[in-house]
Amino acid sequence: MSIPEIDLVVYPDECDAFGHLNQASFLSLFERARWELLRGGPGMDVFTRDGSWPALRKTVIDYRAAAFPGDVLRFQQLLTHVGRTSFTMRQTARRLRDDALIAAAEFVFVCIDRDGRPTPVPTDFREYMNTADSVQTDVQRITVNGVNLAVEVRGEGPAVLFIHGYPLDRTIWRHQIDTLEGFRRIAPDLRGMGQSDAPDLGYSMSMYAADLLALLDVFGIEEVVLCGLSMGGYVALEFVRQHRSRVRGLVLMDTRPDADTSEVRRTRDGAAATARDRGASAIADAMLPKMLAATTLAAQPELTERVRALMARTPVSGIVGALSAMRDRESSEALLETLSGVPTLVIAGEADTLTPPSQARSMAEAIPGAQLAIIPGAAHLPPLEQPQATTVRLQDFLRSLG
Ligand code: MLT
């Protein structure tokens with residue numbers, strides 16, 4: 001279940017002499033959005049029913065843009081933490097007309113009884129906010145740019161955003177998400193893949209990057225280390241091109257900076273036709289031998305089956321969309337030499353034939369100060385084929401950023 005969004009109109013009496021929504025009025029709009037959420041869900045008396053009251057303990061608001069009378073603001077609300085007696089709610093307000101982020105806020109509540117003693121967070125409220133699931137699995141459902149994305153979030157510390165390749169999903173980062181302690185690990189399913197929505201249209205590198213930017217805004221993250229594998233690397237490079245000030249560091253894994261040749265473009269169109277005619281499993285069968293090293297295929301049958309199944313369950317619209325986004329992507333070759341000041345690690349599986357180590361080496365040489373790591377015993381998917389070695393390399397790099 002995803003949590004409904006709440007639309008509220010800005011009234012003139014909430015604005016200052018310049019016609020801007022007043023900063024104090026933001027607080028009441030955020031509060032109104034919370035009440036509306038309860039009204040449409042477990043009821044406005046969900047707390048009093050349990051003899052409990054959510055006392056506001058802390059508020060942090062990031063005002064991002066002005067809003068004006070008549071603007072309709074769309075509020076998204078999610079619980080980012082639930083303890084026994086306290087919870088943290090993150091709320092964002094975006095203008096419906098142009099999807100501009102107007103403000104993002106975080107509210108920490110402690111539930112207390114009439115005598116001011118802490119009481120448990122009411123179960124009806126927890127369940128409605130879907131935290132039973134999200135706390136257990138760390139998966140949240142967040143709507144950005146009109147599309148609902150599944151996002152796994154784990155840990156505290158400097159943020160690292162993991163971007164999977166094609167036609168895969170966030171689960172390729174399982175080991176890194178489980179073990180990279182000391183960092184806030186964020187792994188979304190890109191639109192069209194995994195458990196995220198898969199619209200028929202609207203796929204481009206720019207759109208994927210815009211989705212990621214919106215996610216960072218929802219989580220209130222200013223700076224992030226991007227870690228992109230293959231197509232995820234194309235998205236990471238596009239993100240750097242457009243939003244460089246948000247990038248603290250870059251990991252480019254089994255990826256390439258150049259655009260598709262006309263021959264590769266034709267192959268993409270052929271693959272899209274195959275997906276439409278014969279479904280995702282035809283794509284999975286064709287790609288599997290190229291994704292994994294011969295040693296992985298021979299020695300890790302369970303992993304091999306997992307990767308095949310993962311590709312085979314990708315929605316056809318997501319496959320076709322990703323193929324067109326890759327086909328039409330810009331070259332990032334000229335961008336590489338401008339990346340001084342963006343600490344970068346380039347990683348490649350030793351046996352990768354799709355994006356071979358020689359290509360990783362040239363990319364690392366083109367980026368000022370970049371480090372290179374070649375992972376033995378892996379082809380195109382080092383995080384799955386050699387999870388420990390990949391995580392250790394990532395950890396060293398992330399720690400070196402301070
Ligand atoms: C991927 O793994 O994301 C794809 O192989 C990238 C590509 O086809 O260019």
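What percentage of the 402 residues of the protein chain count as buried? The figure is 53%, where buried means under 20% relative accessible area, exposed means over 50%, and partly exposed lies in between, with a 1.4 Å probe and protein chains only.

1. A word on the ground rules. This is a predicted model, in which local features need pLDDT of at least 70 and side-chain atom pairs count only at pLDDT 80 or more, while totals for chains, interfaces and linings use all residues. Residues are numbered from 1 along each chain as its sequence is written, and side-chain values use heavy atoms, with hydrogens and water left out.

2. Overall fold. The protein chain holds 15 helices and 13 strands; these are DSSP runs numbered from the N terminus (helices H or I, at least four residues; strands E, at least two). Its radius of gyration is 23 Å, close to the 21 Å from the globule rule for 402 residues, so the chain is as compact as a globular protein of that length. That radius is taken over C-alpha atoms, and the rule is 2.2 Å times the number of residues to the power 0.38. Along the principal axes, the C-alpha atoms fill a box of roughly 65 × 50 × 45 Å.

3. Contacts. Taking contact as heavy atoms within 4.5 Å, 73% of the contacts between residues at least 6 apart in sequence join residues at least 24 apart.

4. Helix 6 covers residues 231–243 and reaches 18 Å from its first C-alpha to its last, close to the 18 Å expected at 1.5 Å a residue; the expected span is 1.5 Å times one less than the number of residues. Eleven of its 13 residues are buried, so the helix is largely enclosed by the rest of the structure.

5. Backbone angles worth a look. Most residues other than glycine have a negative phi, and most peptide bonds are trans. Ser230 has a positive phi, near 55 degrees, and Asp254 has one near 45 degrees. Asp254 belongs to the loop between strand 11 (247–253) and helix 7 (262–278) and counts as buried at 1% relative accessibility. A cis peptide bond joins Tyr166 and Pro167, with omega about -15 degrees; Pro167 is in the loop between strand 8 (159–163) and helix 4 (174–179).

6. Helix 1. This helix (residues 23–40) has 18 residues and reaches 26 Å, close to the 26 Å expected. Its buried residues include Phe26, Leu29, Phe30, Ala33, Arg34 and Leu37. An α-helix has 3.6 residues a turn, so residues three or four places apart point the same way. The cover over the buried residues of helix 1 includes strands 1 to 5 and helix 2 (123–128).

7. Ser52. This residue lies in the loop between helix 1 and strand 2 and counts as buried at 3% relative accessibility. Which residues does Ser52 touch, not counting those up to four places away in sequence? They are Phe47, Cys111, Ile112, Thr119, Pro120 and Pro122.
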